[in-house]
Amino acid sequence: MKVYKVKDYQELSQKAAGIIAAQVILKPDCVLGLATGSSPIGTYDKLTEMYEKGELDFSAVTTVNLDEYKGLDSSNDQSYRYFMNKHLFERVNIPMERTYVPDGTEADSDKACQAYNEILHKVGMVDLQLLGLGHDGHIGFNEPDDHFPDETHCVDLTEQTIQANKRFFASEADVPRQAYTMGVGTIMRAKMVLVVVSGEDKAEILSKVINGPVTPQVPASILQFHPNAVIIGDEAALSKTNL
């Protein structure tokens with residue numbers, strides 16, 4: 001696990017975008033695994049700037065997203081499809097038909113997960129998987145558990161995750177209680193994993209991810225075993241790691 005310490009969120013976003021851009025330039029038809037949430041927004045802004053300057057071409061790229069709320073469709077401004085369209089897909093020249101997100105409108109969990117697993121198998125190995133980090137150590141929506149789930153599955157969101165996400169909704173009651181998420185096994189099979197972490201509120205969990213035991217109670221801790229995992233953290237996020 002390689003850890004880069006940067007000054008602030010701006011520098012974090014610039015460095016993460018540079019790593020992703022290098023992947024796209026080196027392999028124009030690469031498969032990018034993408035994440036949502038507040039952490040990668042700056043990265044997507046930087047990638048958009050590079051595209052607008054003519055430095056990046058996304059026309060041959062394929063993307064697969066980590067997760068989606070169960071019950072939300074793409075027109076809902078809190079769905080992760082809507083998020084990706086707004087923050088990246090509609091701002092660059094990536095073909096929309098090669099951007100994949102789990103289908104939150106599929107009520108049958110088994111069917112939805114099987115369909116997304118089939119897409120992931122068809123697309124093939126992810127070249128670079130971008131991740132944020134939840135306050136409880138979750139990656140995607142893989143919450144603390146007694147095991148590391150392998151492939152796409154339906155999860156019941158923890159109370160901590162619901163509380164963390166309610167700020168995006170009109171009320172706590174509107175926050176979905178379930179989500180479809182790529183499994184930890186799928187994430188670990190990516191050739192490279194890039195984690196972006198910002199803020200003092202992530203310092204304690206990031207210390208556990210980097211220095212603590214590998215345990216499904218801290219899902220991101222398994223990245224210690226990944227042969228090419230990179231963490232970019234700002235000074236606040238890394239303040240409890242002695243780095």
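Seven strands, here 7 strands in the order 1-10-9-6-2-3-5, form an open sheet with parallel pairing, where strands are DSSP runs of E with at least two residues, helices are runs of H or I with at least four, and both are numbered from the N terminus. Two strands count as a pair if DSSP finds at least two bridges between them. Strands of a sheet pair through backbone hydrogen bonds, either parallel or antiparallel. This is a predicted model, in which local features need pLDDT of at least 70 and side-chain atom pairs count only at pLDDT 80 or more, while totals for chains, interfaces and linings use all residues. Residues are numbered from 1 along each chain as its sequence is written, and side-chain values use heavy atoms, with hydrogens and water left out.

## The sheet and its helix

The edge strands of the sheet are strand 1 (2-6) and strand 5 (99-100), each of which pairs on one side only. Strand 2 (residues 31-34) runs parallel to strand 3 (residues 62-65) and is joined to it by 4 bridges, with Leu32 standing opposite Thr63. Strand 3 in turn pairs with strand 5 in the parallel sense over 2 bridges, and there Thr63 stands opposite Thr99. Helix 4 (residues 109-123) packs on this sheet, touching strand 2, strand 3 and strand 5, and its direction makes about 145 degrees with that of strand 3; contact means heavy atoms within 4.5 Å, and such angles run from 0 to 180 degrees between N-to-C directions, with axes being lines fitted to C-alpha atoms, for helices over the stretch in contact.

In strand 2, Val31 and Gly33 point one way and Leu32 and Leu34 the other way, and all are buried, a word that means under 20% relative accessible area, with exposed meaning over 50% and partly exposed in between (1.4 Å probe, protein chains only).

## Two helices in contact

The axes of helix 2 (residues 41-52) and helix 3 (residues 80-87) come within 10 Å and cross at roughly 35 degrees. Ile41, Tyr44 and Thr48 in helix 2 meet Phe83, Met84 and His87 in helix 3, and the residues of this contact divide into 4 nonpolar, 2 polar and no charged. In this scheme Ala, Val, Leu, Ile, Met, Phe, Trp, Tyr, Cys and Pro count as nonpolar, Asp, Glu, Lys and Arg as charged, and the others, Gly among them, as polar.

## Annotated residues and buried positions

The unreviewed UniProt entry gives the annotation "active site" to Asp67, Asp136, His138 and Glu143; such annotations may be inferred rather than shown by experiment, with positions in the numbering used here and feature names shortened. Asp136 lies in the loop between strand 6 (128-131) and strand 7 (153-156), and His138 is placed in the loop between strand 6 and strand 7. Asn117, by contrast, is found in helix 4.

| Residue | Relative accessibility | Contacts |
|---|---|---|
| Asp136 | 9%, buried | including Glu143, Thr161 and Pro219 |
| His138 | 13%, buried | including Glu143, Thr161 and Pro219 |
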